[in-house]
Each structure stands twice: as C-alpha cells, then as structure tokens.
Protein chains: 2
Amino acid sequence: MVFLELIEKKKGGAALSAEEIRWLVDAYVAGEIADFQMAAWLMAVRWQGLSDEETTALTGAMTVSGITFDFADISGPKVDKHSTGGVGDKVSLILAPLAAACGCVVPMVSGRGLGHTGGTLDKLEAIPGFRTDLTAAAFRAQLTDIGVAMGAQTEDLVPADRRLYELRSLTATVDETGLITASILSKKIAEGTEVLVLDVKTGSGAFMQRLEDAHRLADRLHSVATLSGLRCSVLITDMEQPLGMAVGNALEVAESIDVLARRDPGFAGSADLETLTIELTAEMLTLSGLAPDTRAARDTVVAALDDGSALRRFTAMVERQGGDPRIVDDTGLLPQAAQSLDLAAGADGYVAHLDARLIGEAGIALGAGRTRRDTPLDPGAGLRLHVKRGQPIARDATWATLYHGPGADLERAVTKLEAAFSLVPDKPEEVHLIKERRP
Amino acid sequence: MVFLELIEKKKGGAALSAEEIRWLVDAYVAGEIADFQMAAWLMAVRWQGLSDEETTALTGAMTVSGITFDFADISGPKVDKHSTGGVGDKVSLILAPLAAACGCVVPMVSGRGLGHTGGTLDKLEAIPGFRTDLTAAAFRAQLTDIGVAMGAQTEDLVPADRRLYELRSLTATVDETGLITASILSKKIAEGTEVLVLDVKTGSGAFMQRLEDAHRLADRLHSVATLSGLRCSVLITDMEQPLGMAVGNALEVAESIDVLARRDPGFAGSADLETLTIELTAEMLTLSGLAPDTRAARDTVVAALDDGSALRRFTAMVERQGGDPRIVDDTGLLPQAAQSLDLAAGADGYVAHLDARLIGEAGIALGAGRTRRDTPLDPGAGLRLHVKRGQPIARDATWATLYHGPGADLERAVTKLEAAFSLVPDKPEEVHLIKERRP
C-alpha cells in the first residue's frame, strides 16, 4: 500500500477500508510512515472526518499495536470509566473502589493533567508513597485480590496512541471526534475492559465547550464502543463549574475520602460529586448485569458507601500500591500547602457563575496544575470552594480558600478567580448536572 | 511566534498576516519548523485555501529565501513564460530565442518532466553537449551577449520552494491554487523577471483537467503576479490533445527547430504549436512596451521567424551552452531511437480524440518520460503524430509512429495509444486552442 494514496483518499472525502486503516497504523508504529506524512493524513482527517466504521477500524488497529490484557480468569465483570476531563473531577478515586466493592473488577489506567484539567495519576500520587507504575503482574495480582488497581499507561500498552497523540498535539489535530474516540476506546479495550461508562463533559471547563460538540462525541463514542464489542453508557454532564468543592491534588484526595467515608466535607457542597459518582457506578452495575435496573443499582452503590465497604476497598488499594493508609482516617497527613488565603464574596447575592476553566487556570497559577508535561506540581496546592453555583452568600463570607507554596503566582490566581466568580441578586435557574444519556 | 498557533489559525479558516507568513517561511528554511508541522499546515491550507494577499506574502517570502538575480544593468525588458505543463509542449524552446530576437531579455529557469508531462530541461539535454547547469556569472554573461539563457534551478535559488515542493509532493498538498501560484511566481521573480506570460493548460493532459480549476488558477496567478509588481498575461489553452506533432525529447527539439526554421515539419500539423508560440511571444512584446498593440507584436514576432533571426538566436544559445550547433541544419544528428513502429488508423474517419494524458503515458512506456525523479530517459524515444484532432484519415494510413529502444515497454505503449485514439464518421466541431485570456 502507498500511504500517499491514503492521504489523497481521505483528502478527497472518501472512507478508508478497515484493511487500509490497519495497514497504516501498523506501518506507522513500525516506523515505515514518516511523521510528516502522518501529520498530513491527520489534518485531512480533521478536515473530512472519520465514519463510525473507520473509527472502529482505527480503534481496533490501535488496540493491538502493543500488549493487551485479558482478565477473563478473574471472576466478575471488567469495568472502567473515562471522563473527557474537567476541573475538580475526582470521580475515579471514589468510583473505582466503590465499583469493586459492588462486585466489579476495575483495571483502571489513567493519565496526568495538562492545562486547566486535572489527571487521576497526579491526584493518586499526592498520597504519600502511592505508586502508579505497577508491573503487569502486580496489576493482575491486585485485581485478583481486591478487584481494583489504578495505574499509569505503560510504554507497551497501545503505543500507536502514544505516538499519534504526541503528533496530534503538535499539529493541531487533537480536536477530531473520530481520533478522540479511537484514542479513548483503544486504551480501555487493551486494558481488558468489557463494560465502559463514559462521562463527556460540556461547559467552560470541558474540552467540548459546546453541547453540540459533546453530543457528537457522545454519539460517536457510544456507536464505536458498541461496534467494538463493549457494553457502554455515555453521560453528558456539566463542567461549567468545578465538580465538588476541591481543586488541587491532595485537596481532591481528601474530598474523595470524605465522600467515601460519608463524612460532612465541611462545606456541604460535594453533592454533585457524590451524585455523579453514584450515577456512573450504577450504570456500570446495570450494564454488567450485577443489578436488574438502575434503581436497584443505585441502592447497591449507596449501600456500599453506607456500610464502609467502598472506603475499605480504597484503603486496601492505597496500602497495596505503597501508599500510607493512615490518610484515610486523617487527611491532615496528606501534603499541606504552606499558606492559605481566603477570598470574600464582596457583596450579598447568589452565585451566578463559578467558571470552571478560569478556576482550573487559577489552580495552575497556584502550583496544582501544569501547562507543560515536565513541570513539577505542588501536591498540596489548590483551592476549596465554600459555595456552588445557585447558593446564597453574604458580603463578608469566604467563597474560596486558596492553598499555595512560596513558588505560586498568587496575583495571577486571584485575578483568574475574581474573573471566575460572579453574583446575581436573585436565585438563578438550576443547571442540570446530568444533561443527557446514551443510549 | 508559535507555529502550532498558525496551524490552528489556518485550520479555523482565518487568514494569516504577511508577517506571520514571512516568519513561517524563514523559520522553515532555517530548520526551526519540523516537517511534520509544516505538513499539517500545508494540508490545512489545502483545506481552507489562501487569499490573494496571503499568496502574495508567501510568494514574496519564498522569493527572498535564497539568492535573487537583478539584471537591471542589461538593457531590454526581462521576460519569461511559464506553462503549467502538458504533453508535447515545447513552446519554451522556440519562444525563448524568438523573444530575444525581438529585443527581450529571457532569463529562463526550467524544470524536468515527471509523470506524463515533459520538462524543458530534458528536451534541451537531448541536444548533444548542451549544458543546463550554468553558473550565475555564465548565465548573466550569456544574457548580456545574446539575450537568452536557459538553465536549471540552482540550489540557492528559492530554496523555500524546493523544500516545500518536496514536502507537498509527499503529502498530497500539491494541488492548491495559492501554493501553486507562489511556487511558480517566486522562481520567476527571483530570476529577475519583470514581464511574465503564463500558459495555464486545461484538458486531459493538463494538471488542471477541468476548465473551472484552470480559471481559478489563472485568476489567482494574474492577481498575485500583479500584486507582486509583475506585468502579466495569462492564457488558458487546450491540452486535450498534445501540442504539435512530436512527443519525446529529441523529437521535440527537432520539431522546435522545424518551426523556428519555418520548415515543413513533414506532417503539416505543428500549426497549433506555432500559433500558441506566436501568441505568447506577442503578449510579451505588448506587455513589455516593445510593441504598441497585439497586432503589431504578432507582425514583429512573425518577422523574426521569417528573417531567420529567431533561429540564429537559437543556434547561438545552443553553441554558447556547449551544444552541437550542427543539429540546427541536420536534426538527424540528434539522438535517434533504434526502432520504430507505425500504428494504422484501422478505419476511415475523422480523428475525434487524441487523449493527451494517455499519449504522455505511452511516452513514459517508450522511455521518453519518467515516473520517478531518478529514472534515466531515452532521449531518442517518443512518438510522432501524423494527424491532429478533427483531421480526416484513411483506414490504412499511419496515425502515429513510435520510436523506442530495446528497454521500452512497447505493449504498454501501444495499449495506451490505442485507448488514446478514436475516430468519428463526421468532421467533429473545432476545439479552440486558446480558450481565454487574463486580463
């Protein structure tokens, strides 16, 4: 096959055959296609798009570009969740042990944060001693023993995705629905997932800021996951404001533990985080056949929170992955920022906006996030909200507390936060957390 | 400047500023932009197009990416012609000495053939001893002495075009009007041209097969040439059938000499070649101010053919560039093919089609053309037509004679030619050689 002809074909708007897509992925990973030719093909794809069938072929070819896991010998449905990324999104930390406590097997491979959105690996590594670089054998043994393991993508898992993603990020071809879909699904299928719940975020803090783009991605993910043999649900959820109250790695771990432990998180504002986690986990149980319907699934999930079994599973995971399990009882043992600063509302009113993107960018200024892959993070840095959108606040009350070290750009963080926060005199209309579902 | 942002900008359909375009050309030539990023930008350009202003900025930036010639000290208008390429198009060989004989200075830099279209350099090099690798000093001296020099593009002339063209040819981004325009015009401006006549071919043997594409390119070339300070005319001309009677390097040199010498080329079919050459040269004289109007310009051009001054200029150029001048009086001294084969019409009728592309492809099979840059040519190989479209022919008459060596793929050539040739019982409607003009 001649790759130039496949560039021409896609440029002209034609669909590539499954065989052509398999060939190009294999040839690229084998180094037989130059980056500059692949870059031209990627931009032609960004231009002309990919069909469901092309995306399914791409997903399949990428999946088998490296090692794949098969956990068929471990009893229980193999489930995973993926979110398209947001601010304060610590759902995975709660959901993974919770699903395991409900009878699922959760082989979760996660990524790091970049830009204003956070990454699960960064949050986990805020736990003193916690290791995410598990060997395949350790990952498997842990799944067998406690039903949940959370690790980093290794070099040999879906190398096609790592190489293509790197090239996409340098050629303005990240934002194509088919390419995003294949990147997400190939990793999930390679790690042995059978049941997948997807959380497509929309709003200022999301990758898909417009609802119509989120729709398109949700439909594509659902179709291609189904064509690829996964049982799959997709939720489109709000990311106009941060999820929960904490933004920042150790702060988010603490909030996750509070939700798992059914503790009052202090600000009574983690309801959206709890609701979304319960909904996503209930979807898993229904799709897996572990619950007959959504109502029964929710009951099972809530029971696993109430009886402490989800928290015990979390503690077991932390211990198994080298982390200090005492943080579960005393979140004060997590890394702490040296300094804090309270921001007052400045006027009486209802919170109209808590712009997730600007709050995420404030997090970067405080040291909780990064704009380059190699920037070190301050695990204790970040912020806690004291109110959420639609809640009333008094002039002198604190709406956010910033946590930071000496290296933080406090002025920038405060400027971003002041721009992110706005009040109105009357209670604004409620925004739905879960906007739509597929199917 | 961050090139990724310029890819995003073009991808989104926005126009780049002249400053941004100058920066990207300079940075690419300096090796500061990776090929894979430039490839993505080129495909984004292929998608979203370039405006006249962007194309003018690109032309300007490419022009000054290497050395530029200034022939202001040589008296007479500096003129050149460019054709978008075709089959049997040997106009340059006649036009360059003819324009010089009429008082123009012709610093012509030409290219090689690739695919079914021929290249002027290959034709010139069919003349025994002829050298196209002139030094800048030799090129200038020859222009001063005889007003015409025909050479190859040197490494240091418009290096941005050489690098970009190579990348475009490997990334399916050749066929974009703005990129084509900048590639053509930057070389002409860098070689010191003031007056430019462009021949945009349309039809089966042309790069722009559809008239609407030829229109778009002609308009763009005319606008950008004018914005770049050139005096410019564009003719859109027929390339549905080959130009003239000969296809193949030495055969085309012989036909050119026949036209220059006003000899009967034997088949009385080179009328289209002669007409087009006279028209293009007359445009040069009018644009240059050497003739008050087209009618007077044509008279001057025809006189330079009739009085032998154009042929003498050709002979002087051959001699000056190391070629054997005896070929002018005896074209039998040009390379000859070992074997020949006549193809009979097979039926009585009028010639309905002589498909230029298929005839060009037959030329490749015979050894007269190449599909890869490094393939050696057989200078004597090719074919001569005995009829042109619209002419009558008898069943037993020869419509084409093939010339070839032992390495030719004769079967393939004959198959192509049989597909290229068709007859109708009644005289078909005449097709106009010159379809349109700009301005």
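This is a predicted model: local features need pLDDT of at least 70, side-chain atom pairs count only at pLDDT 80 or more; totals for chains, interfaces and linings use all residues.
A residue is called buried when its relative accessible area is under 20%.

**First stop: helix α14 of chain A.** Select residues 309–320 of chain A, the twelve residues of helix α14. Next, colour A:Ser309, A:Ala310, A:Leu311, A:Phe314, A:Met317 and A:Val318, which are buried in α14(A). An α-helix has 3.6 residues a turn, so residues three or four places apart point the same way. Now display the elements of chain A against which these buried residues pack; among them are α5 (91–101), β3 (148–152) and α13 (294–306). After the helix comes A:Gly322, whose phi is positive, near 85 degrees.

**Second stop: B:Gln241.** Move to chain B and select B:Gln241, in the loop between β5 (231–238) and β6 (246–247). Is this residue buried or exposed? B:Gln241 has a relative accessible area of 10%, which is under the 20% limit, so it counts as buried. Beyond its neighbours within four places in sequence, its contacts include B:Asp272, B:Leu354 and B:Lys388. B:Arg389 is also in contact with B:Gln241: the backbone nitrogen of B:Arg389 lies 2.9 Å from a polar atom of the B:Gln241 side chain.

**Third stop: the two chains together.** Show both chains. Chain B is superposed on chain A by a rotation of 179 degrees with 0.0 Å of shift along the axis. This is the relation of a two-fold axis. To find the axis, select B:Phe36, whose C-alpha is the nearest to it in chain B, at 1.8 Å.

Definitions and conventions:
Residues are numbered from 1 along each chain as its sequence is written. Chains are lettered from A and ligands numbered from 1 in the order in which they are written. Side-chain values use heavy atoms; hydrogens and water are left out. Helices (H or I, at least four residues) and strands (E, at least two) are DSSP runs, numbered from the N terminus. The expected span of a helix is 1.5 Å times one less than its number of residues. Buried means under 20% relative accessible area, exposed over 50%, partly exposed in between (1.4 Å probe, protein chains only). Contact means heavy atoms within 4.5 Å. A polar contact is a pair of N or O atoms within 3.5 Å; within protein, one must be able to donate a hydrogen and the other to accept it, and residues adjacent in sequence count only if both atoms are side-chain atoms. Copies are superposed by least squares on the C-alpha atoms of residues with pLDDT of at least 70 in both.
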